[in-house]
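Me: I would like to learn how to read the features of a protein model, one at a time. Could you take me through this one?

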Amino acid sequence: MEIAHARIDDRLIHGQVVTAWIRAIGRCDEILICDDKTRQDAFLQQVLEMTKPPEMKLRVLSVEETIQDFKDKADDSRRVLLLTRGPSAMLTLLENGVSFTYLNLGGMGAGPDRKLYLKNISLSADELAVLHKIQSMGVRIELKMVPSDPAVELPRAEGR
């Protein structure tokens, strides 16, 4: 399997993903949500199924299931839109052999102990540290809500 686009978005599937990103990606055979909580929530999975484009396949897997899926289907020709709610899942995937060189930060809502970086993208200090670790593994990280927005690269950790 090939990752056509890796995106962190705390809302997972919504209008921007469905209307803009899937179109911009080009060939994309399925949406793969990698999220332990969503994997355990049958109701949320039904809601997500209703929000995806009808021609797209949707799979919701835990982080461990996603790692195994990429190992089992290494020779599969499918291109997937990989979505997680936060950076920790992406880091775990990378550390376990799931390969990607670009990561798109989409909606990550404001909250206590979170700093606004761009529009609807806020990060806690812990999330920023995880993203810097991902960057150190050779992944380019851009903050970009929709494809037509100008790309803003995540600033590197100080001292790098």
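Reply: Buried here means under 20% relative accessible area, exposed means over 50%, and partly exposed lies in between, with a 1.4 Å probe and protein chains only. This is a predicted model, in which local features need pLDDT of at least 70 and side-chain atom pairs count only at pLDDT 80 or more, whereas totals for chains, interfaces and linings use all residues. Residues are numbered from 1 along each chain as its sequence is written, and side-chain values use heavy atoms, with hydrogens and water left out.

Me: How far is the sulfur of Cys28 from the closest cysteine sulfur?

Reply: A disulfide is taken as a pair of cysteine sulfur atoms within 2.5 Å. The closest cysteine sulfur to that of Cys28 belongs to Cys34 and is 15 Å away, which is too far for a bond. Cys34 also counts as buried, at 1% relative accessibility, and the count of disulfides by this rule comes to 0.

Me: Which residues touch the most other members of the largest nonpolar core?

Reply: In soluble globular proteins, nonpolar side chains tend to be buried together. A nonpolar core is defined as a set of buried Ala, Val, Leu, Ile, Met, Phe, Trp, Tyr and Cys residues joined through side-chain atoms within 4.5 Å. The largest core here has 33 residues, and those that touch the most other members are Met90, Leu103, Leu105, Leu131 and Ile134. Helix H5 (residues 87-95) supplies the largest share of this core, 5 residues; helices (H or I, at least four residues) and strands (E, at least two) are DSSP runs, numbered from the N terminus. Another core, of 14 residues, lies apart from it, and its members include Ile22, Ile31, Leu48 and Leu81.

Me: What does Met90 touch, leaving out residues up to four places away in sequence?

Reply: Contact means heavy atoms within 4.5 Å. On that count, Met90 touches Ala6, Arg7, Ile8, Leu82, Thr84, Phe100, Leu103 and Ile134. For the protein, residues 24 or more positions apart account for 68% of the contacts with a separation of 6 or more.

Me: In which sense, parallel or antiparallel, do strands E5 and E8 pair?

Reply: Two strands pair if DSSP finds at least two bridges between them. Strands E5 (residues 102-105) and E8 (residues 140-143) pair in the parallel sense over 4 bridges, with Tyr102 opposite Arg140. E8 also pairs with strand E9 (residues 152-153), in the antiparallel sense over 2 bridges, where Glu142 has Glu153 as its bridge partner. Elsewhere, strands E6 (residues 114-118) and E7 (residues 121-124) pair in the antiparallel sense over 4 bridges, and Arg114 stands opposite Ser124. The hairpin of E6 and E7 has 2 residues between the strands, and Lys119 takes a positive phi near 40° there.

Me: How many helices and strands does the protein have?

Reply: The protein has 6 helices and 9 strands. Its radius of gyration is 15 Å, close to the 15 Å that the globule rule gives for 160 residues, so it is as compact as a globular protein of that length. That radius is taken over C-alpha atoms, and the globule rule is 2.2 Å times the number of residues to the power 0.38. Of the 160 residues, 51% count as buried.
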